[in-house]
Amino acid sequence: MSVLRKRWQYVVLFVGLAALFLLPAYSSESTVSFVNRVLIAIVAVQGLNILTGYTGQISLGQAAFMTVGGYASTLLVTQLGWNFFFALPVAALSAGVVGLIFGLPSLRVKGFYLVMATLSAQFIIPWITRNIYGDILHGAQGLNVPVPIIKLPVINNLCFFGTQFDGELGACVYRFATSDQFIHISLVVVILSTIVAHNISRSRLGRALVSIRDNDLAAELLGIDPFAYKLKAFFIAAVFAGAAGAMLAHNLRHINSVTVNLTDSILFMGMLVVGGLGTSLGPIFGATLVILLEEIATVMSPWVISVLPDNAAGATAALRPLIFGLALIVFLIFEPRGLAHRWKLTKAAWRMRPFSR
Amino acid sequence: MRKNPLLILLSIVFLALLLSGCASAAEEPTPAPPPEPTEVPVVEPVAEPTEAPAEEPMEEPTAVPTEEPVVEPTAAPTEEPEPMLRTDNLEGETIHLYHFGDLSGPYAAITGPLVFGMQDAVNALNASGGIRGAMLDVQFADTAGSVDEAVAAYDRFTSEDDNVLAMITYGSGEAEALASRFVEDQIVNLTAGFSAEAFYGPGSGYTFGLGPIYPDQLGYFLDWLVANWDEAKPASAGDEINLAYLSWPGAFGQGALTTESRAYAESLGVNIVAEEIYDLSPSADTTTALLNAQAAGANVIWTNTLAFGPAALMNGIGALGLQGQFVLAGDNWAMDLATYAFVSDPSLAVGLITPFPYLWWNDADNPGIQAAQELFDANERPAGAHNVGYLLLLAGVDLLRQSIEVAIDTVGFDALSGQALYDALTTMGPIQALDGVIRVDYSDGSRSPHNVQLRQIQGGPDAFNVLQDWTDMPDLRPAGE
Amino acid sequence: MNWQLLPQFAITGILNGGPVALIALGIVLIFKSSEIFNFAHGQMLLIGTMSTWWFAAEEGMGLPLWLAVICAMGVSVLLGLLIERVTLRPMTGQPLLSIILMTLALGQVLQGLTILTFGTTQRNFPVFFSITDPYKLSLPFQYNGNPIVVILRQNLVWTFVIAIICVVVLWLFFQFTHTGLSMRATAEDHETAQSVGIRINRVFGISWAIAGLIATIGGILIATASGLDLSLSIVALIAFPAVLLGGLESIPGAVIGGLLIGLVQGLVALPTNDFFLGPAVAQAIRNSTEIVPYIILLIVLVIRPDGLFGQKRIERI
């Protein structure tokens with residue numbers, strides 16, 4: 001089944017994407033920054049969706065693999081002088097390799113045990129960034145990350161495509177400094193990752209993963225090697241996380257061992273469930289809703305402070321986990337199949353009109 | 001069907017390229033007067049070589065200068081005084097200030113009083129007529145100690161306000177991570193996180209400290225220690241000074257140990273024999289760190305921590321019966337009343353030595369301290385806020401008031417900008433904020449104070465007595481500056 | 001290596017493992033009865049301890065300490081019952097993923113509630129034992145001619161003793177009381193238990209209540225060491241590896257797992273700068289207390305996934 005059926009749906013998609021690309025032109029920086037955060041989260045959750053949604057392997061290590069990606073890309077850019085756009089895929093792949101290592105316990109265990117194995121990634125990887133190779137990784141202090149740039153040669157003493165001359169580099173340079181510019185990178189990566197994730201779900205690989213999720217013994221009987229496919233899923237999930245982490249690091253311009261942490265891993269799982277496990281649209285819906293809730297928590301906190309003046313300090317810190325946790329509980333009890341399922345029902349109802357209720 | 005995603009993708013990439021072209025041209029900042037070259041060490045991204053006007057057609061290529069950017073001879077904005085320069089009677093105007101810090105994470109214990117100080121100082125200033133009649137408006141964001149929250153807050157503030165003058169930050173981590181943004185957006189950052197990286201790292205330049213950077217503090221203490229070792233040394237110690245660096249992980253905790261401060265310690269003949277990390281938590285167990293330091297032969301401990309950080313060490317020393325075996329020293333934040341909430345026996349705190357870049361509540365003859373005490377009492381702040389953070393921010397707001405007034409006098413209220421404030425701070429020379437509670441001088445190219453006291457806890461709470469009066473510190477700024 | 005300090009670090013480590021063992025026990029208890037791995041345990045512990053502080057502190061109720069502890073235990077029992085009834089009962093029969101996420105979500109909610117009610121500031125938790133006057137234990141052997149003296153903080157010793165007493169009391173409870181026996185029966189087999197007239201919903205509730213109760217005791221014990229703040233909930237993250245090390249369903253396993261984790265955490269402090277792999281490695285090992293539990297966990301998962309004392313019924317694939 002394809003996602004899009006009709007020509008007008010393509011038009012809607014294209015107009016929507018164009019609207020997102022043009023977002024910095026007509027909306028405030030904070031909106032752009034919000035959309036940017038959503039986009040980066042979408043990539044991470046799409047990876048998790050392949051591992052958890054399709055393959056059924058629960059992981060609390062996604063943020064750790066983001067950390068790997070962030071550090072890898074930063075080091076490639078700062079130590080080896082690579083351009084960010086080459087560093088990004090390599091960083092994603094290196095995160096994938098680390099993901100493979102932590103996927104190895106899936107050889108022997110599943111369920112809770114696997115959760116614990118991935119949780120250990122969440123402890124061990126940040127610890128490594130803090131305690132090993134201090135001269136390169138700068139310990140707990142972390143690294144300042146350069147802004148992604150596009151360099152173009154100077155032609156006839158002129159700089160084209162809106163680039164600016166940079167005397168130090170001796171070239172025309174376009175800097176993706178703030179979210180206004182960075183959002184274009186995030187959008188392209190999200191579009192790519194959506195296409196990849198969606199195609200994985202429709203390929204032999206995706207069907208094999210689903211069969212492992214639904215019944216691994218039966219899958220094995222059908223000639224699918226569950227272990228190999230699980231490792232593939234771990235790899236893919238970590239690659240997505242690595243890409244997200246690299247983008248996050250270059251967008252924040254700083255990374256350390258706690259930039260993305262256990263709470264983020266929990267948030268990603270939550271986004272996936274809220275959005276809908278094992279669906280292409282789930283990560284998009286989930287990331288948007290959960291980060292929107294975070295924003296709402298931030299906006300609500302002055303109000304909470306006015307009600308509870310004694311605890312003014314922690315209002316935002318209290319509301320965020322509270323609202324997220326409650327939303328997740330509500331979804332788990334009342335709509336465990338997530339927003340994507342609800343969306344499908346709505347679409348079906350629309351198509352069936354006027355016969356649907 | 002198969003081809004379509006690719007098609008979409010290609011067109012989108014094309015669109016993106018097209019748009020990025022537009023975006024940059026549209027956002028081209030209007031040419032600002034180039035900052036005085038001697039003061040700004042970093043490459044100013046806005047100091048454009050070309051005088052490209054903003055209304056240029058979007059796809060028009062920009063010209064590349066053939067020669068080096070012209071350094072305009074101190075094009076001070078004062079040269080062309082406008083007749084309408086508004087410097088007084090600013091009633092009805094508002095000056096926005098923004099601050100963010102950790103009110104719900106691990107550093108909450110110190111940020112709380114800092115924020116109280118900020119609020120009380122601003123309220124008092126507004127009540128007394130504001131700055132030339134203009135009211136101060138302050139917005140706060142809680143970052144829970146995480147850098148990405150700080151970046152989000154920064155983005156939110158800058159998108160709400162095109163002309164942010166100054167932001168006040170409290171953490172080393174966020175000051176470091178945002179340093180380059182402050183430069184790019186020309187926003188003065190007044191900070192209470194004194195990591196050298198934030199002030200002098202690559203791409204920094206708009207970050208000003210209310211206190212000296214941590215490597216300077218360590219060097220300053222070592223200077224004193226070497227000169228006074230015979231009197232200060234523990235009874236059991238020999239002539240060798242063996243320093244153990246026991247601290248928290250993170251930008252702040254590790255902030256005093258830099259290449260420069262290590263080299264300086266070596267040049268003084270001080271051995272750094274142990275570097276141990278303990279948890280950023282009041283319940284941190286420091287016994288292993290202490291035992292290892294002891295086993296390594298340490299007789300001096302430096303801790304770059306605050307509130308419960310030194311307390312954890314003091315409790316550990318008490319629990320292990322190691323009293324009198326170490327000279328305990330730390331950064332300026334380590335000597336604070338907040339420590340007493342976590343130390344099991346106040347006598348354990350006696351002997352702590354730290355650099356002290358401000359006056360203290362017990363300097364009651366100072367009018368600034370008296371004013372602070374009155375303000376504190378009038379606002380009925382909790383006893384826990386009667387500490388360094390509160391005092392420092394009262395002084396910080398006074399520093400801002402003075403520099404904003406100078407900036408208004410120079411460029412007029414309507415041209416007030418972060419750049420103008422920067423110029424004011426770097427040209428004012430020695431500034432005594434809040435009647436000398438803090439003393440800074442940003443005119444010599446440094447953006448952190450260099451003249452401090454050394455104090456020691458001698459007796460109960462508040463007995464933070466002067467061991468060495470205001471003296472200059474060694475300059476351990478990172479190389480490259 | 002710092003052989004001189006070996007006994008010191010080993011004994012401190014084991015003693016530190018006492019409260020961890022107690023907390024691990026609570027996790028095992030819930031798992032045994034209802035097959036739910038409680039990721040919200042740290043936050044339950046936090047709420048229990050925070051309310052102890054509130055009942056005892058001047059700013060709060062100002063009750064005497066023993067009364068405060070009892071009140072806080074009441075709170076945590078109610079909390080445990082409430083959690084079980086409101087959030088986990090509807091999840092019966094749901095897939096593992098949903099149940100794990102439910103406890104994670106619960107953890108977030110409890111975290112938010114704690115901050116909302118108690119704020120974020122660090123609390124000065126009442127200190128029961130003198131901090132300045134440690135016990136000194138002379139061991140009857142020497143190292144390099146130096147006598148070995150182990151210095152133990154008073155609260156460390158007593159914390160351990162109290163934790164072990166709690167473990168013994170629980171063991172007696174399971175062995176000799178009717179409720180305890182019916183809980184064990186439920187743990188064996190839900191249907192069989194139901195068929196002999198045990199109301200397993202009631203058993204689930206009781207196990208959550210008891211787990212909340214002992215989590216609170218563990219939290220209080222840790223908080224007395226030198227203070228209380230939100231980071232207290234992290235202890236549970238050390239207890240998880242202890243649980244798996246001991247075996248998910250084994251009560252003695254949880255206790256021994258907790259103590260072992262404590263021991264290893266103590267021993268990593270041993271390498272000094274003369275370590276054979278160099279000072280940098282020694283430094284890294286010394287700083288590894290937070291991850292050794294997880295390294296042990298990974299080793300256990302690969303070598304012996306059912307833990308030291310767990311039942312061998314993990315589905316191998």
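Author: A residue is called buried here if 20 or more other C-beta atoms lie within 10 Å of its own, exposed if 12 or fewer do, and partly exposed in between, with the C-beta atoms placed from the backbone. By that count, 55% of the 481 residues of chain B are buried. The model is predicted, and local features therefore need a pLDDT of at least 70, while side-chain atom pairs count only at pLDDT 80 or more and totals for chains, interfaces and linings use all residues. Residues are numbered from 1 along each chain as its sequence is written, and chains are lettered from A and ligands numbered from 1 in the order in which they are written.

Chain B holds 14 helices and 15 strands, where helices (H or I, at least four residues) and strands (E, at least two) are DSSP runs numbered from the N terminus. Among its contacts (C-beta atoms, placed from the backbone, within 7 Å) with a separation of 6 or more, 71% join residues 24 or more positions apart.

The domain assignment, which is automatic or from a database, divides chain B into domain 1 (94-212 + 366-449) and domain 2 (215-356 + 455-472). The C-alpha centres of these two domains of chain B are 28 Å apart, and where they meet, 17 residues of domain 1 of chain B are in contact with 19 residues of domain 2 of chain B. On the domain 1 side of this meeting in chain B, the elements that give two or more residues are helix H2 (108-127) and helix H4 (172-185) of chain B, and H4(B) provides the largest share, 3 residues. Sorted by class, that side of domain 1 of chain B has 7 nonpolar, 9 polar and 1 charged residues; here Ala, Val, Leu, Ile, Met, Phe, Trp, Tyr, Cys and Pro count as nonpolar, Asp, Glu, Lys and Arg as charged, and the others, Gly among them, as polar.

Two loop residues of chain B deserve a check of their backbone angles. Glu380(B) belongs to the loop between helix H12 (367-378) and helix H13 (388-411) of chain B; although this residue is not a glycine, its phi is positive, near 50°, and with 6 C-beta neighbours inside 10 Å Glu380(B) counts as exposed. Asp435(B), in the loop between strand E12 (430-433) and strand E13 (438-441) of chain B, also is not a glycine and has a positive phi of about 55°, but its 15 C-beta neighbours inside 10 Å make Asp435(B) partly exposed.

Helix H12 of chain B also contains Pro367(B), which counts as exposed because it has 11 C-beta neighbours inside 10 Å. Computed along the sequence, that is, counted in residues, Pro367(B) and Gly238(B) are 129 apart, and from C-alpha to C-alpha they lie 44 Å apart in space.

Chain B also meets chain C, in a contact that takes 29 residues from chain C and 29 residues from chain B. On the chain C side, helix H1 (6-34), helix H8 (200-226) and helix H11 (279-286) of chain C are the elements that give two or more residues, and H8(C) gives the most, with 4 residues. By class, this side of chain C has 11 nonpolar, 15 polar and 3 charged residues.

Elsewhere in chain C, helix H4 (residues 96-118) has 23 residues that should span 33 Å at 1.5 Å a residue, and the distance of 33 Å between its end C-alpha atoms agrees; the expected span is 1.5 Å times one less than the number of residues. Of the 23 residues of H4(C), 18 are buried, so this helix is largely enclosed by the rest of the structure. Gly119(C), whose phi is positive, near 75°, follows H4(C).

In chain A, helix H3 (residues 29-54) and helix H12 (residues 262-275) pack at an angle of about 75° with their axes 9 Å apart, the axes being lines fitted to C-alpha atoms over the stretch in contact and the angles running from 0 to 180 degrees between N-to-C directions. H3(A) is therefore roughly perpendicular to H12(A), a label for angles of 65 to 115 degrees. Residues making this contact include Ala41(A) and Leu48(A) of H3(A) and Phe268(A) and Leu272(A) of H12(A), and by class the contact has 8 nonpolar, 3 polar and no charged residues.

Conventions:
Two residues are in contact if their C-beta atoms, placed from the backbone, lie within 7 Å. Angles under 35 degrees count as roughly parallel, over 145 as roughly antiparallel, 65 to 115 as roughly perpendicular and the rest as oblique.
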